[in-house]
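Open the model in your viewer and keep the selection tool at hand. Each stop below tells you what to pick and what is there.

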Amino acid sequence: MPQSLTQLLAHIVFSTKGRVPILTKNIRPRLYPYLGAVLQSCECGPIAIGGADDHVHIACVLSKNHA
């Protein structure tokens, strides 16, 4: 029986507009779970989400169902 197994890992980095440091310590605890929920709704599994005041890093497993 043939099978096709895939696991696409991605490291996504994006910054705020103009690298303005607006992602303060009181915003990040709400932002990271939100980003994780968005990834899960796209059938992507979040591995780790973090960052600093002016950018975000996301490590995730990309879905094979979306281009």
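Select Asp53: this residue is partly exposed, at 33% relative accessible area (buried is under 20%, exposed over 50%, partly exposed in between; 1.4 Å probe, protein chains only). This is a predicted model: local features need pLDDT of at least 70, side-chain atom pairs count only at pLDDT 80 or more, and totals for chains, interfaces and linings use all residues. Residues are numbered from 1 along each chain as its sequence is written, and side-chain values use heavy atoms, with hydrogens and water left out.

Asp53 and Arg28 form a salt bridge, with the closest N and O atoms 2.5 Å apart (a side-chain nitrogen of Lys or Arg within 4 Å of a carboxyl oxygen of Asp or Glu). Asp53 sits in the loop between β2 and β3 and Arg28 in helix α1, so the pair ties together parts 25 residues apart in sequence. Arg28 is buried, at 15% relative accessibility.

Next, select Asp54 and Arg19. Their side chains meet in a salt bridge, 3.3 Å from N to O. Asp54 lies in the loop between β2 (45-51) and β3 (55-62), and Arg19 in the loop between β1 (8-15) and α1 (28-41), 35 residues apart. Asp54 is buried at 17%; Arg19 is partly exposed at 47%. The whole structure holds 2 salt bridges.

Zoom out and colour by secondary structure. The chain has 1 helix and 3 strands (DSSP runs numbered from the N terminus: helices H or I, at least four residues; strands E, at least two). Their order is β-α-β-β. Of the 67 residues, 24% count as buried.
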